[in-house]
Amino acid sequence: MTGGSDEFGVRLRVYEGQPAAVSGVGKDPVNLPMIRHWCEAMGDTNPAYEGPDAIAPPTMLQAWTMGGLSGHVGRTGAYDELLTLLEEAGCTSIVATDCEQEYLRPLRPGDRVTFDTAIESVSEQKTTKLGSGYFITTRTDVRVGDDLVGTHRFRVLKYAPSRRPPAGRARRPRPVVNRDNAGFWEGVAEGRLLIQRCAVCGTLRHPWLPGCNACGSLDWDTVEASGEGTVYSYVVMHHPPFPAFEPPYAVGLIELAEGVRMVSNVLGVPYDKVRIGLPVRVEFRRYDDDAGELVLPLFRAVEGEA
């Protein structure tokens, strides 16, 4: 990377405060079909999102401003200029890192949103495991008429990829184990797929959480899952490559027979043969490397159903 000097950072920060989109207009008004699709995809059955008095889920805020493949006419070009400057300096890769949203009032079917987006900040040069680069934060103010209804901050890292380590046996990434989910991983190590169950209302939940998201109770026990399930949704990973994986490979959102969902790899069929509804069964796979033994729950297509 050739753009790490203070002088280069000053050139980048000239873009702070510049508009990236002006007087953008949502391509569709807030509407019930999109709300329904969102709720079905998220598994959200909150009654507030349906019926004659429905509101839109707050986290749909960005959805009403997205331009799709054709984009928006209100783009200024400043954001693209900033990314091009970074690419010319060797920051050829980009990854979204996080977003922050603030909701000032609910959106309702029929609302027509407008928005303005500005480049809020460009960080100093940062070094991460992915490589060295700069975090860019944009802020979008969303309005209905003259009323500000929400803000959306979106942050990306534009970086120069680190050189790949020498060839060898790559370590499988380790899960983050904490006091809230330790019981799940203890069960996996024993070849058991454990699901949290609220001791008050009986609601099952995954991933493991300190409290019930249905009734708020902090009391829980566990049930052992059968391990049977189906592919609820999936993606095929092509890029970026990771040393422990050989792309392309399928990552599935698996709906267990008990009703909860978890993310894992889909085995037993070529990546381009994975389909929604494909029956799968859990398979506990052991990995052993210089970091020690690791057991992970993966899901294999049921023989004869693939």
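How many nonpolar, polar and charged residues does the lining of the second largest pocket have? The legends below take up this pocket first, then other sites in the predicted model.

**Figure 1. Lining of the second largest pocket in the predicted model.** By class, the lining is made up of 6 nonpolar, 10 polar and 1 charged residues. The volume of the second largest pocket is about 560 Å³. Lining residues number 17, and those closest to the pocket centre are Gln62, Thr65, Arg75, Thr117 and Thr140. Two or more lining residues come from each of the strands β1 (19–25), β3 (113–122), β5 (131–144) and β6 (147–161).

**Figure 2. Cys198 and Cys215, two cysteines in no disulfide.** The protein has 0 disulfides by the distance rule applied here. For Cys198, the nearest cysteine sulfur is that of Cys215, 3.6 Å away. The relation holds in the other direction too: the cysteine sulfur nearest to Cys215 is that of Cys198, at 3.6 Å. Cys215, at 40% relative accessibility, is classed as partly exposed.

Figure 3. Ser264 counts as buried because its relative accessibility is 7%, and the cut-off for buried is under 20%. The Ser264 side chain comes to 2.6 Å from the backbone oxygen of Pro297.

**Figure 4. The whole protein, as context for the close-up views.** The chain of the predicted model has 306 residues, of which 37% count as buried. Its secondary structure consists of 4 helices and 14 strands. Along the principal axes, the C-alpha atoms fill a box of roughly 60 × 55 × 40 Å. Taking contacts between residues at least 6 apart in sequence, 64% join residues at least 24 apart.

Definitions and conventions
Residues numbered from 1 in each chain as written. Predicted model: local features only at pLDDT ≥ 70, side-chain atom pairs only at ≥ 80, totals over all residues. Heavy atoms only, no water. Buried < 20%, exposed > 50% of the residue type's maximum accessible area, 1.4 Å probe, protein only. Polar contact = N/O pair within 3.5 Å; in protein donor to acceptor, adjacent residues only side chain to side chain. Disulfide = S-S within 2.5 Å. 1 Å grid on protein atoms, 1.4 Å probe; cavity = no way out; pocket = protein on both sides within 12 Å on 5 of 7 lines; lining within 4 Å. Points joined across faces, edges and corners; volume = space filled by probe spheres on them. Nonpolar A, V, L, I, M, F, W, Y, C, P; charged D, E, K, R; others polar. Contact = heavy atoms within 4.5 Å.
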